[in-house]
Amino acid sequence: STTVLESAGFAVFTVSLSNASTAATTVSLATANGTATSPADYGTALQVSTDNGATWSAAGAASATFAPGATSVLVRAPIVDDAINEPTETFTLTATRTAGSTTNPSATGTGTITDNDALPSLSINDVTVNEAAGTITFTVSLDQPTTAIVRVGYTTSDSTASAGSDYTG
């Protein structure tokens, strides 16, 4: 499992064998949505590194091969850095043995994406109307989109106008 900031570019998973094998071992790779969804939050174009991240190649047919004697490969999934404030989200990577031998047929890791967007700011516009208009409408706005529900309470307060005689509070 791995936890990354949304701006990290990639979520990097370490897929490991408990001990080295004398023969190559191949695993198929598959991602699955959790609270994070593809393609909005992460991509499925996986890349594999067999040299501890020095070089990366496309995961051919979504698979990775452990060379004889190797005990780990790195697999990375691209992360989408959007401008939307959202909660921490997760997705999974599952490696399933397709060649070679292992004691278990598959293993799953969780990718956790921590949002890097600032919380939205609330604002209310200033409005001037002729008192004969009968009503005044204020616009309450957020400065950026968010996936969270934002609830606001409101009150009025007197300044040069008085509740009851100039406006209804």
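Residues are counted from 1 along each chain as its sequence is written. Because the model is predicted, local features need a pLDDT of at least 70 and side-chain atom pairs count only at pLDDT 80 or more, while totals for chains, interfaces and linings use all residues, and side-chain values use heavy atoms, with hydrogens and water left out.

**First stop: the five-stranded sheet**

Begin by selecting the strands S1, S9, S8, S3 and S6, which form an open sheet in that order with mixed pairing. Strands here are DSSP runs of E with at least two residues, numbered from the N terminus, and two strands pair if DSSP finds at least two bridges between them. Strands of a sheet pair through backbone hydrogen bonds, either parallel or antiparallel. At the edges of this sheet you will find strand S1 (2–5) and S6, each of which pairs on one side only. If you look from strand to strand, neighbouring ones are turned by 25° against each other on average, with direction ignored; the angle is taken between axes, which are lines fitted to C-alpha atoms, and angles between N-to-C directions run from 0 to 180 degrees.

Now colour S8 and S9, which pair in the antiparallel sense over 8 bridges, and pick out Thr96, whose bridge partner in S9 is Ser106. Then move to strand S3 (residues 25–33), which is joined to S6 in the antiparallel sense over 4 bridges, with Thr26 standing opposite Thr65 in S6.

Which residues of strand S6 lie on its covered face, and which on its uncovered one? Select residues 63–66 to see that Ala64 and Phe66 make up the covered face, whereas Ser63 and Thr65 belong to the uncovered face. In a regular strand the side chains alternate between the two faces of the sheet.

Stay with strand S3 and select Thr31, which is found there. Thr31 has a relative accessible area of 21% and is therefore partly exposed, a class that lies between buried (under 20% relative accessible area) and exposed (over 50%), using a 1.4 Å probe and protein chains only. Leaving aside its neighbours within four places in sequence, Thr31 is in contact with Tyr42, Thr44, Leu46, Phe91, Thr92 and Leu93, where contact means heavy atoms within 4.5 Å. For a sense of scale, draw a line from the C-alpha atom of Thr31 to that of Phe138, 107 residues apart along the chain, and the separation is 46 Å.

S4 and S5 run antiparallel and are joined by 2 bridges, and Val48 has Ser57 as its bridge partner in S5.

In the loop between S4 and S5, select Asn52, which has a positive phi of about 60° although it is not a glycine. Asn52 counts as exposed because its relative accessibility is 69%.

Then go to the loop between S3 and S4, where Pro39 lies, and look at the cis peptide bond that joins Ser38 and Pro39, with omega at about 10°. Most residues other than glycine have a negative phi, and most peptide bonds are trans.

Ala40 lies in the loop between S3 and strand S4 (47–49), and counts as partly exposed because its relative accessibility is 44%. Apart from neighbours within four places in sequence, Ala40 is in contact with Val80 and Asp82; the C-alpha atoms of Ala40 and Asp82, 42 residues apart along the chain, are separated by 8.4 Å.

**Third stop: two pockets**

A pocket is found on a 1 Å grid over the protein atoms alone, as an open set of points where a 1.4 Å probe fits, with protein on both sides within 12 Å along at least five of seven lines, and its lining residues have an atom within 4 Å of a point. Grid points are joined across faces, edges and corners, and a volume is the space filled by probe spheres set on the points.

The largest pocket has a volume of about 970 Å³. Of the 26 residues that line it, select Ile136, Phe138, Thr156, Tyr167 and Thr168, the closest to its centre.

The second largest pocket holds about 440 Å³ of space. Among its 25 lining residues, Val15, Ser16, Leu17, Asn104 and Ala107 lie nearest its centre, and strand S2 (10–16), strand S8 (89–99) and strand S9 (106–114) each supply at least two residues of the lining.
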